Amino acid sequence: MSSPMPEQAAPARYRKGVNTTCFKWLGAGLVSVLLLLVVAAVLLWYFLSSRCLSGLSCNGGGHCISASQWCDGVIDCPGAQDEAQCLRLYGPQFILQAYTGASGSWRPVCSSGWDGRFGTAACGLIGYDRETYVTSEEVGFYDADGYMQLIYGSDPDLILQQNLVSSESCPANLVVSLRCIDCGTRVPPARIVGGEVSTKGAWPWQVSLWAGFTHMCGGSIITPYWIVTAAHCLETFNDPSDWTVYAGRLDQYDMFSATGSSVSRLISHAYDSSSQTNDVALMKLSRPLKMSDVVKPVCLPNAGMDFVAPRTCWTSGWGAIREMGPSSQFLRDAEVPLIDRSLCNSSLVYDGAIAGTMVCAGYLEGGVDSCQGDSGGPLVTEEASVWWLVGDTSWGFGCARPNKPGVYGNMPAFLGWIYEQMQNYR
């Protein structure tokens, strides 16, 4: 804490009589007022010219369009941002939803007339490679706000939004369930014990990220090309050539003689190292990973899936087996329950440091936790027979201390950003 400033001496009193400096001060005051008015006018002009008072703003240039033009199938923004993120997957059933600017809402897409051609196109628009498309199925889903319906004779080669119109009803309330990638499945492990060595194929999305000849962080496969990790992992080693990715292996010693995957691009979110908010990053591989029983993507959580306590999750990695101890030779895993944010923000735990981009998981009594070297690795949970990425290992005070559980990046909060990067850097 800085020391208090000493009190300044009071200014000397002016002598009586006519003081000519008063007129000088008056003139200077008028000039100051005029300058303030000019600055205010400039700021007002900038505000009005760079922001949309009604409607929505295109990224860059201050170009404004009406809200009803957003996601209408016609490109109005110079960079086509108005048609970029108009489709999403919702809930554990992977229900396809389309945004309609006319009503400003997300609506499920009716399955009438839908086939694999439209499914492939939709996955490409969301951000996935068309080659990973799996299937489109029908599921029952009632939406009181209405549906989006394919126009009869629609062309899948057009922007999908051009083929969709709002509809108050949908035949039998059957909507599209869209699987853009085969994710979240695994070979049932023979045995899993919290804090113990993992079995082969138990966590097929787990990767080891090496900088030079050393394991530095963990990560999660979300597509054959893309890895999710923590932004703080990239602070020191921030060139793609610094990194090698090893997938499908449990033993760190095996990686010395193995050929890993090179990285072509690093993308960090708006990470703030002082508050540790937005601690998420993406790595794009130079070549796609070959999928197998031991190399598979985990599912990104869909819109509407906000994981809250109490919920059982699992964390895994090659991090230190005790605080300030050596890294583990073998991949290890541990069961950790989510902790309510209000409890984690209490004065006895993290005293308000847990932002909306974070989740806590672990035990307040301590004993089981992620540790140094686990950073960036997955926090996952199972729902509807699918494994979902809840978060990425971010920070904590020590390892497995009482009242200091692990803190993870909150993956649902990053969905829009992740899909935007996947769209922009195909």
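A disulfide is a pair of cysteine sulfur atoms within 2.5 Å. The structure described here is a predicted model, and a search of the whole of it finds eight such links. Three of them are treated below, after an outline of the chain.

The chain contains five helices and 22 strands. Of its 426 residues, 45% count as buried. Contacts between residues at least 6 apart in sequence were also examined, and 64% of these join residues at least 24 apart. The accessible surface of the chain amounts to about 21500 Å². Carbon and sulfur atoms account for 55% of that surface.

The disulfide between Cys 183 and Cys 299 has a sulfur-to-sulfur distance of 1.9 Å. The link of Cys 183 and Cys 299 is right-handed, with 90° about the S-S bond. Cys 183 and Cys 299 are both buried.

In a second disulfide, formed by Cys 110 and Cys 170, the sulfur atoms are 2.1 Å apart. This pair links distant parts of the chain, 60 residues apart. Cys 110 belongs to the loop between strand E5 (105-108) and helix H2 (116-126), and Cys 170 to the loop between strand E8 (164-167) and strand E9 (174-179). The link of Cys 110 and Cys 170 is right-handed, with 85° about the S-S bond. Cys 110 counts as buried because its relative accessibility is 0%, and Cys 170 is buried with a relative accessible area of 6%.

Cys 371 lies in the loop between strand E19 (358-361) and strand E20 (378-383), and Cys 399 in the loop between strand E21 (386-395) and strand E22 (406-410), so the pair ties together parts that are 28 residues apart in sequence. Both Cys 371 and Cys 399 are buried.

Ser 198 was examined as a further loop residue, placed between strand E10 (196-197) and strand E11 (206-211). Ser 198 has a relative accessible area of 4% and is therefore buried. Not counting residues up to four places away in sequence, Ser 198 touches Trp 203, Leu 250, Leu 331, Arg 332 and Asp 333. With Asp 333, the side chain of Ser 198 makes a polar contact, side chain to side chain, at 2.6 Å.

Notes: Residues numbered from 1 in each chain as written. Predicted model: local features only at pLDDT ≥ 70, side-chain atom pairs only at ≥ 80, totals over all residues. Heavy atoms only, no water. Helix = DSSP H or I, 4+ residues; strand = E, 2+ residues; numbered from the N terminus. Buried < 20%, exposed > 50% of the residue type's maximum accessible area, 1.4 Å probe, protein only. Contact = heavy atoms within 4.5 Å. Areas by Shrake-Rupley, 256 points an atom, 1.4 Å probe, with all protein chains shown as cover. Polar contact = N/O pair within 3.5 Å; in protein donor to acceptor, adjacent residues only side chain to side chain.
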